[in-house]
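These are my notebook entries on one structure. I set down what I looked up, entry by entry.

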Amino acid sequence: MTKSANLYARIEPEVKEEAESILAALGIPVSNAINMFYKQIILQQGLPFEVKLPKRPVDESRLSKAEFDAELEKGYADMKAGRMTPAAAVFSDIKKKYHV
């Protein structure tokens, strides 16, 4: 099929630059990436990724004593079950991700 439709969109310059840099490293032209995105929308009958609000950290100042204690117990249970990441590893990941 001939590609003849035009698409105009206004986006933040920094987002455009970073995305185009990644696509260039992958060897994918921007127009192909947009075409792939649209095809995935069609195949998925919606956005091809989950769209939801991020989980917010618990605001302990709004918790009752019982709720606060329950949150502490959840954290303790996670720690005992090994569902945690050492702080050093978290900071290392942040430094790598954001080139700090």
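**Entry 1**

I began with Phe37, which counts as partly exposed because its relative accessibility is 32%; buried means under 20% relative accessible area, exposed over 50%, and partly exposed in between, with a 1.4 Å probe and protein chains only. The model is a predicted one, in which local features need pLDDT of at least 70 and side-chain atom pairs count only at pLDDT 80 or more, while totals for chains, interfaces and linings use all residues. Residues are numbered from 1 along each chain as its sequence is written, and side-chain values use heavy atoms, with hydrogens and water left out.

I then searched the whole structure for aromatic pairs and found two. For these, rings of Phe, Tyr and Trp (its six-membered ring) pair if their centres lie within 6.5 Å; planes under 30 degrees apart count as stacked, over 60 as edge-to-face and the rest as tilted.

Phe37 and Tyr38 make an edge-to-face pair, with 6.3 Å from centre to centre and 65° between the planes. Tyr38 is partly exposed, its relative accessible area being 42%. Phe37 and Phe49 make a stacked pair, with 6.3 Å from centre to centre and 15° between the planes. Phe37 belongs to helix α2 and Phe49 to the loop between α2 and α3 (65–80), so this pair ties together parts 12 residues apart in sequence. Helices here are DSSP runs (H or I, at least four residues), as are strands (E, at least two), numbered from the N terminus. I noted Phe49 as partly exposed, at 47% relative accessibility. Phe37, Tyr38 and Phe49 form one aromatic cluster.

α2 has 15 residues and spans 21 Å from its first C-alpha to its last, close to the 21 Å expected at 1.5 Å a residue; the expected span is 1.5 Å times one less than the number of residues. Just after α2, Gln45 has a positive phi of about 60°.

Which element gives the largest share of the lining of the largest pocket? I found that α2 does, with eight residues. A pocket is found on a 1 Å grid over the protein atoms alone, as an open set of points where a 1.4 Å probe fits, with protein on both sides within 12 Å along at least five of seven lines; lining residues have an atom within 4 Å of a point.

The volume of the largest pocket is about 790 Å³, a volume being the space filled by probe spheres set on the points, which are joined across faces, edges and corners. Its lining has 23 residues, and Leu7, Val30, Ser31, Ile34 and Asn35 lie nearest the centre. The elements that give two or more residues to this lining are α1 (13–26) and α2 (30–44). By class I recorded 14 nonpolar, five polar and four charged lining residues. Ala, Val, Leu, Ile, Met, Phe, Trp, Tyr, Cys and Pro count as nonpolar, Asp, Glu, Lys and Arg as charged, and the others, Gly among them, as polar.

**Entry 1. Salt bridges**

In helix α1, Glu20 and Lys16 stand four residues apart, about one turn of the helix, and their side chains meet in a salt bridge at 3.0 Å, N to O. Glu20 is partly exposed at 30%, and Lys16 is partly exposed at 41%.

Glu50 forms a salt bridge with Lys52, with 3.8 Å between the closest N and O atoms; both Glu50 and Lys52 are exposed.

Arg83 and Asp78 meet through their side chains at 2.8 Å, N to O. Arg83 counts as exposed at 54% relative accessibility, whereas Asp78 is partly exposed at 30%.

I closed with helix α4 (residues 87–98), whose 12 residues reach 16 Å from first C-alpha to last, close to the 16 Å expected at 1.5 Å a residue. The number of buried residues in α4 is zero, so α4 lies largely in the open. His99 follows α4 and has a positive phi near 50°.

Glu73 is in helix α3 and is exposed, with a relative accessible area of 53%. I recorded 32 Å between the C-alpha atoms of Glu73 and Lys96, which are 23 residues apart along the chain.

How values were computed: Salt bridge = Lys/Arg side-chain N within 4 Å of Asp/Glu carboxyl O.
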